[in-house]
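We will go stop by stop, chain by chain.

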Amino acid sequence: MANDRPLPGDMHPLTHEQEGRLLLWLRLTVAGHTIGTMFREARLRLGLVGLLSAIFWAALFGLFFEAFTFIDSMHAEVISLLFNSFFSALMVMMVFSTGILMYGGLYTSEEAKLLLTCPLRSAAIYGHKFQEAFWFSSWGFILLGSPMLIAYGLVRDAPWSYYAMLLPFMISFVVIPAALGSIICMLVVAGLPRLRIHAVTISITIVLLGAIWRVWSALNAAEAETLTTTWFEETLSQLTLTEQVFLPSWWLSSGLLDAALRGETADQTWASSLEAMKFLGLLVANALLANLLAGWVAQLTYRVGYSHLQSETPQRKRHARLWLDELLARSGSRWGGPLRLLLVKDLQIFRRDATQWSQFLIFFGLLALYFLNLRSFTYTYAYASIIGYLNLAVVGLILSTFTTRFVFPSISLEGRRFWILGLLPVHRDHIVWSKFLFAFCGGILPCLGLITLSDSMLGIPRQTLVIHLICCTMLCSGLSGIAVGLGARMPNLRESSPAKIAAGFGGTLSLVVSALFIIGVVLLVALPSHLDLMRRTLGVVPEKNLIGLVGSQTGIMLSLGLVVLLGLTATFVPLLLGIRAFRRFEP
Amino acid sequence: MIEFDHVTRHYGSKTAVEDFSLAIPRGELFALLGPNGAGKTTTIKMLVGLLRPSQGYVRVSGHDLVTDTRAAHLHLGYVPDEPCLYDKLTAREFLRFIANMYGIPRHLAEKRIEREIECFELHEFADDLAENYSLGMKQRLVFAAAFIHDPDVMVLDEPMVGLDPHSVRIVKDLLKARTAEGMTVFMSTHTLAMAEEMADRMGIMVRGHLRFLGTVDELREQMAIESTSLEHLYLELTSAKTILQENTLD
C-alpha cells in the first residue's frame, strides 16, 4: 500500500543539511527585515536600547573591575567559588528559561503549526526553534558575563589566549543547559502532557525554595560583622556545594581560571592555556552531544507530544464576579456610574490575564525580598538616606516599566474594540479617566507598601518616610498620567499585541519621559532632605547661604511643593492632551 | 488518494471523531460539512499530520500520516482556516521558501513563483512585507503557497474566509481545473452553496460521526424530501430531533 504513488519528477526531498540551510536562510532573511524595519521605524528605541546597553555594560565592567581588584588583593582564593556559584546558578536558570521558551516555540506558536504541515524532519524544526530559544535565553548571559570575564582578565593580566577563548567558552557552556532544558520540555510534553504544568511549577518551586534557603542561611550563618574577611569566607563557604567536578559550570570556571593564568615563563603560560583548552574541548564535546541527544529526542517525541497536547480540552471555568466588582459597581451615588463600570471591566480583565498580574507579582515580590534583606547590613545615617532615595527611584522605575508595558497600550487596545465602547452611552473622556484611575489605584498601594518596608528596614526617620510617601504618590500619579495620556495621544490600532504596541515609538517615548520624571522627582527632594538629615544627625547649625537654605526645613517644604507641582503637571498635561486627541479619535 | 480507515480520535474522555472511514479517489472534490463541534477540524488536523488518530489510519497517496509523515506531506497542500505567514517575509520570499522546502529546483521554482503570483494576482504586493497585508491578501498568498508544488492532494479548511468575490471566483476556477487534471481536494466548509456548486461528493458530520456520504441528490433520496434546497436538507439532517430519532432506532 505504501509508496504507491511516486513523487512528481520535479520534487526532491531535502537532506538534513538542506533543511538546516533553508531554515537558516529563513532566520537570516526574517532577521534582516526586522533589523531593517527597526532602523527605518524605531531609530529612537534602537538608539536608546544601544545606549542603555552600553551604559549598563560599562557600569557592570567598572563594578566587576573594582570587585576583582579588591578580591584579588585580599581574597584571591574565593574567585573559583564565586565563578562556580555564578555559573551553576546561571545554568539552572537557563535550563528553566530555555525549557519554557521551547515549550512556547515548539507547541503553541503559529509557526510550529505551519512547519509541522511541511515535509520537514522533526529534528530540523527542533533545531530551528532551538536557535531562537538559545538566543533569547543566552543574550543576558553574554551581556552580564562578558564585562565580568573581561574585567577578570584585565585584573589578572591574562594572556591574549584568554580573551580569544572567552566566546567559545561561553557559547559551548550555554548550549548544554539550553539543550537539557529542551530535552526536559519535550519529554514532559510527550510523556506527561496532563502533568506538565504541575511538573514545571513543582520543579521551579523546589529550585526557588532551595535557592532562597541557601542564600538566607548563607547570609544568616555569618555572626561576625558584615563585609569583613571572616564574613566573606563564612558566607562563601556555604556555597561550596556548587564546586562539583561533573558540572559544566565547574568545567567553565576551571577552564577560565586556567586560561587567565600568566606564568613566570612563556612555557608555564602555554601549559595553563593548554589546560584551559582541554576544558574547552570538554565543554564543546558535551555541548555537541547534548545537541545531538536533543535532536534525537525531538525526532522521537516532538510530533507525538504535539498531538498529545492538542488532546487536552481546556477546562471550562466559570468566572464569577467578585465582591470587589459588586462593591465598585454598586457603590456611591449615580455620579460616575459609567466610570465605575469601566473600572470593573478593567479589573476583571487584569485578574484573568495571568501575564499582567504574575509579572507585577514577580517584580514587586523580588523588590520586597530585597528590601527585607536590607536589615542584614548595618548603615550609617548618610548611607541609609542615599539607599532610601535610590529605593524610591527603583520603585518608580519598576512601576514605569509596568505603566509602559500594560497601561500605555490599553487605549490602543480599546481603540480596536471601539465598536463596543463607541456605541455605548459613555462619554469618551470617561474611558481615558477610567484607565488613569485603574493604573493609579493599582500602583499606589503596593508602591507605598514597598517604600514603607524599605524605610523601616533602613531605620529612616518618620519625617523622611512621610516625604518618601508623598513623592511615591506623585510618582504613581505622574507615571499613570504619562502612560494613559501618551497612549491616547499616540494610539496604534494596527497592532493587536500589547507588547508590540509598547515597543513602538509611543511606548519608548512614554518610557523615556517616565524615566526623566522619576529622576526629576527624586533629585528635587533627595538633596534638601539628605542635607537636612545630615545637619540634624551631626548637630550642625545651618549656614545662611544657598546650601544652608536648601538643606533647611524651608528648603524641604519648597522642594516638596515643587515635587507636587511636577507630579500634577506630569499627571494632567499628558492626560488632557490624550483626552483631547481621544475626543477626535476616528477608529 | 485519501483514506481514513476506521479512525477514532479522543480528547481526554471526549470522543471527537469515532470510527470514521472514507476513501476519496484521484480527481474528486470532496466537501465535509457539519455544525460547530462536529469533528471537522479534528479530521482535517489528522489529515495534515497535526494530530495522530487514537485508533485507525489516515493515508495520503498511500503514505501513512503517522509512520510516513514526511513522504505524505510531499504529496499534500494545505490551506488552513487562519492564514499563517511570516510577517517579515515578502510574498515572493515566502513562496521561494515553500518551493525550496519541497525541493523544487531553482529554475523551476522561479517559474512556479511567477505562475502563482500571476494566478492569484499578487503582483502589487509581491515585494511588500506580509505584515502590511489585509486578510484577503494573506489568504491569496497561502493559496499560492499551497499550489506551488502541484500537490496530488489539496486540503482546504474554510477556504473562502476573507476572500473577495473576485478571489473566490479565481479559487473556484482553479480547483475545478486542477481536479480535472487529477488533483484530489478535501474541503471543509460551512458555505453550503459552495459545497453544492463545487463538490463531487459531500460528507455531513454530526458529533464525530459521518451521518451522510454522497451527492446532493442522494441526500434528497435518503431524507425522502423532494425539490428542496441543500440548506433545508442539511438543517433537517443535523437537527437534534433527527439525531434523537436515529439514536432511538439504533
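Helices (H or I, at least four residues) and strands (E, at least two) are DSSP runs, numbered from the N terminus. This is a predicted model: local features need pLDDT of at least 70, side-chain atom pairs count only at pLDDT 80 or more, and totals for chains, interfaces and linings use all residues. Residues are numbered from 1 along each chain as its sequence is written, with chains lettered from A and ligands numbered from 1 in the order in which they are written.

**Stop 1: chain B.** Select chain B. Its secondary structure comes to 10 helices and 10 strands. The C-alpha trace spans about 60 × 40 × 30 Å along its principal axes. Of its 250 residues, 46% are buried (20 or more other C-beta atoms within 10 Å of the residue's own, with C-beta atoms placed from the backbone).

**Stop 2: strands of chain B.** Select residues 2–11 and 55–60 of chain B. These are β1(B) and β4(B), which run antiparallel and are joined by five bridges. Strands pair if DSSP finds at least two bridges between them. Find Asp5(B): opposite stands Tyr57(B) in β4(B). β4(B) and β5(B) form a hairpin with two residues between them. In the turn, Ser61(B) has a positive phi of about 50°.

**Stop 3: the cores.** A nonpolar core is a set of buried Ala, Val, Leu, Ile, Met, Phe, Trp, Tyr and Cys residues joined through C-beta atoms within 7 Å. The largest has 144 residues, and Leu141(B), Ala144(B) and Val155(B) have the most contacts inside it. Its largest share, 18 residues, comes from helix α6 (residues 160–191) of chain A. Apart from this core lies another, of 56 residues, among them Cys472(A) and Ala570(A).

**Stop 4: where the chains meet.** Show both chains. In contact means C-beta atoms, placed from the backbone, within 7 Å. By that rule, 34 residues of chain A are in contact with 37 residues of chain B. On the chain A side, α1 (16–41), α4 (110–116) and α10 (266–310) give two or more residues each. The largest share, six residues, comes from α1(A).

**Stop 5: a helix of chain A.** Select residues 553–583 of chain A. This is α21(A), with 31 residues, reaching 44 Å from its first C-alpha to its last. Its buried residues include Gly555(A), Val563(A), Ala570(A) and Phe582(A).

Notes: The expected span of a helix is 1.5 Å times one less than its number of residues. A residue is buried if 20 or more other C-beta atoms lie within 10 Å of its own, exposed if 12 or fewer, and partly exposed in between; C-beta atoms are placed from the backbone. Two residues are in contact if their C-beta atoms, placed from the backbone, lie within 7 Å.
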